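Biologist: I would like to learn how to read the contacts in a model like this one. Please show me the structure, and then I will ask about its features one at a time.

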Amino acid sequence: MKTTANNILIHRFVDNAELHHSRPAIDLNGQLFTYRELLEQSAKIANAILDCNPESQAPVGILASKSYTAYSGILGALMASKAYMPLNPRFPVHRNAWQLEKSGCNTIIAGREGLEHLKALIKTSRQMLFIILPDVSPEEQLQFEQDKHTVFFAGDLNNTSLPLIKSQPEQMAYLLFTSGTTGQPKGVPVNNENITSYLDYILKRFDLNEKDRFSQTFDLTFDLSMHDLFVSWLSGGCLCIPSADATFAMSKYIRDQRLTVWFSVPSVAVMMSKMHLLRAGNFENLKYSFFCGEPLLEKTASAWQKAAPDSAVINLYGPTETTIAISAYEWKQDIKENKVKNGIVSIGKIFETQDYCIADDQDRVLGTEKKGFLHLSGSQVISGYFRDEENTKKYFKSLKKNNNNWWYNTGDLVTGDNEHDLFFLGRQDNEVKISGYRVNLLEIDEIIRKATRSEVVATVDCEHDGGETKTLVSFIEKTEDVLSEEKIMEFCRKHLPWYMLPGKIIIMESLPLNENGKIDRKRLSEML
Amino acid sequence: MNDKEIKEFLLERLENRLKIYGLSRNELKGDFDLVKSGLLDSMAFVNLIGDMEERFGMEIDFESVKEDELFTTISGVIDLFLNWR
């Protein structure tokens, strides 16, 4: 593939940062950083990374969350011609330690908010680490074996010159992990070509500019955060980051900060609606409202439209494997004109720049108005899972269609209409969405099996309020020495991120089986 | 409606969670933060408030609640309902 400045993510950022140098790039709860400042801070971090590890191909870990260090750390990693891998400080240490090992990452940029986690993480690491702490000074007592690792503090980062960028289009830009079936997450490597294809499409289709103020609601471990960051920066706009305290005061934040572009999972809108915050005309400044990550209900879209009368409401759809989003539906002001099935808004048309087909479970391509599994192909689709041949073979295949030989099977059951608008119908495996997070129920079962002596475990999701919210319930078959609910939960909390934790654990004499002798998850769901 | 009534309803709704987190009712002092402690996520917290609104026949106006007013603690939730007019 030809390398041009256009298909390398960091080149795109640098070009825009130079163009808009004196404009604000980040508004961190009132604290402003200009593009020039962000560029310089990122260069300092990039030079430190290159001092540690110039040749390594492994991603750089970012143990930070919604802080200046998080954003400049991501840019710094990219500027050092490397990929970044977010390490969520709210995740269990075990999970981040596993990610480090799996990815071969030995360089970590940590923000102040990640320090406590870092100390615990270091204890689990057998290898020598390079640790970059851009907002910590050496006087602070870190209480870890500093002599075993190489630590760079704020004062050690002085070189603001832009390093030579050697990134290639097919080179990984970020590595995320998503829930897997075997109790181990799957690594999703997204390369420069994938991400710049997505950004080009969005920037061309929507009218965004340097006057826009963009929300940043997503965790960095959620790929939709990449949209927040780079759609904002490549438009020359300002990325607005609410403080953690604003979780329950988001409507005030949207108004006070005069946001013009909103992006969140539908769950955030549902939450605001339940708090009576979606009042008519409440968000007059919004010109775009994007939703993605889980089914958007008709009632949520319509309530949001009333609160943001001048905003286009856009339902985006796309698995992490196809880079952020790959289809869009624009909600119409007149509710009756909208395409809705089972109360769920259409996911719209696949971007013209990408390709799709619907196939059955035997990989036979069906017509576009048939019901089947959505398969995707094109410049946004990754080439396979990270060091995981088994899963790559399972989900990435060649299909007999248009000579296009690399198709990703999303596992999402869809159907289309005669205008090529698609509708999400559900899934046939054990993957569910909890507030937009992809959760494989089998992964939870596997962790519970490790915790308890019981082999018979089944976690199901239980819907409330017509699909607006969900909770996870784990059923466990009683054995002589089965652990208590409390002990099981304690183990889960050590190994699973918060959104994968069961809200309820039920220990039963025996679990119901279906005619195939498998645990009858459907019946368990019905019992709730 | 008094504070005891509100607290009783609140604890009743939290029973399942308390069980799996190994917490007893007595351990839940007024300054216990339901969200920051990880007992509830923000959606579960909002659902709890919704249940309480229904139970006590009120509608809380979150637009006028200040974000720094620790309303996610036990006593915060109780005060929210007790002082709501």
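Biologist: How many residue pairs are in polar contact across the interface of domain 1 of chain A and domain 3 of chain A?

Modeller: A polar contact is a pair of N or O atoms within 3.5 Å; within protein, one must be able to donate a hydrogen and the other to accept it, and residues adjacent in sequence count only if both atoms are side-chain atoms. Across this interface the rule finds 1 residue pair, both at pLDDT 80 or more. On the side of domain 1 of chain A that touches domain 3 of chain A there are 2 nonpolar, 2 polar and 2 charged residues. In that grouping Ala, Val, Leu, Ile, Met, Phe, Trp, Tyr, Cys and Pro are nonpolar, Asp, Glu, Lys and Arg are charged, and the others, Gly among them, are polar.

Biologist: What should I know about the model itself before going on?

Modeller: It is a predicted model, in which local features need pLDDT of at least 70, side-chain atom pairs count only at pLDDT 80 or more, and totals for chains, interfaces and linings use all residues. Residues are numbered from 1 along each chain as its sequence is written, chains are lettered from A and ligands numbered from 1 in the order in which they are written, and side-chain values use heavy atoms, with hydrogens and water left out.

Biologist: Which domains is chain A divided into?

Modeller: The bounds come from an automatic or database domain assignment. For chain A they give domain 1 (33-166), domain 2 (354-429) and domain 3 (431-527). The centres of domain 1 and domain 3 of chain A, taken over C-alpha atoms, are 36 Å apart. Contact means heavy atoms within 4.5 Å, and here domain 1 of chain A contributes 6 residues and domain 3 of chain A contributes 9.

Biologist: What area is buried between domain 1 and domain 3 of chain A?

Modeller: Buried area is the accessible area (1.4 Å probe) that two parts lose on being put together, summed over both. For these two domains of chain A the value is about 640 Å², with 58% from carbon and sulfur atoms.

Biologist: How many salt bridges are counted between these two domains of chain A?

Modeller: A salt bridge is a side-chain nitrogen of Lys or Arg within 4 Å of a carboxyl oxygen of Asp or Glu. The count between domain 1 and domain 3 of chain A is 1. A:R95 forms a salt bridge with A:E443, and their closest N and O atoms are 3.2 Å apart.

Biologist: How many residues of chain A and chain B are in contact?

Modeller: On chain A there are 31, and they contact 22 residues of chain B. The two chains bury about 2300 Å² between them, 59% of which comes from carbon and sulfur atoms. A:F248, A:M275 and A:H276 supply 25% of the area that chain A buries against chain B, more than any other three residues.

Biologist: How many salt bridges does the rule find across the interface of chain A and chain B?

Modeller: There are 3. B:E63 and A:R255 meet in a salt bridge, at 2.9 Å from N to O. The interface of chain A and chain B also has 7 residue pairs in polar contact, both at pLDDT 80 or more. The side of chain A that touches chain B divides into 11 nonpolar, 9 polar and 11 charged residues.

Biologist: How many helices and strands does chain B have?

Modeller: Helices (H or I, at least four residues) and strands (E, at least two) are DSSP runs, numbered from the N terminus. Chain B has 3 helices and 0 strands, whereas chain A has 14 helices and 29 strands.
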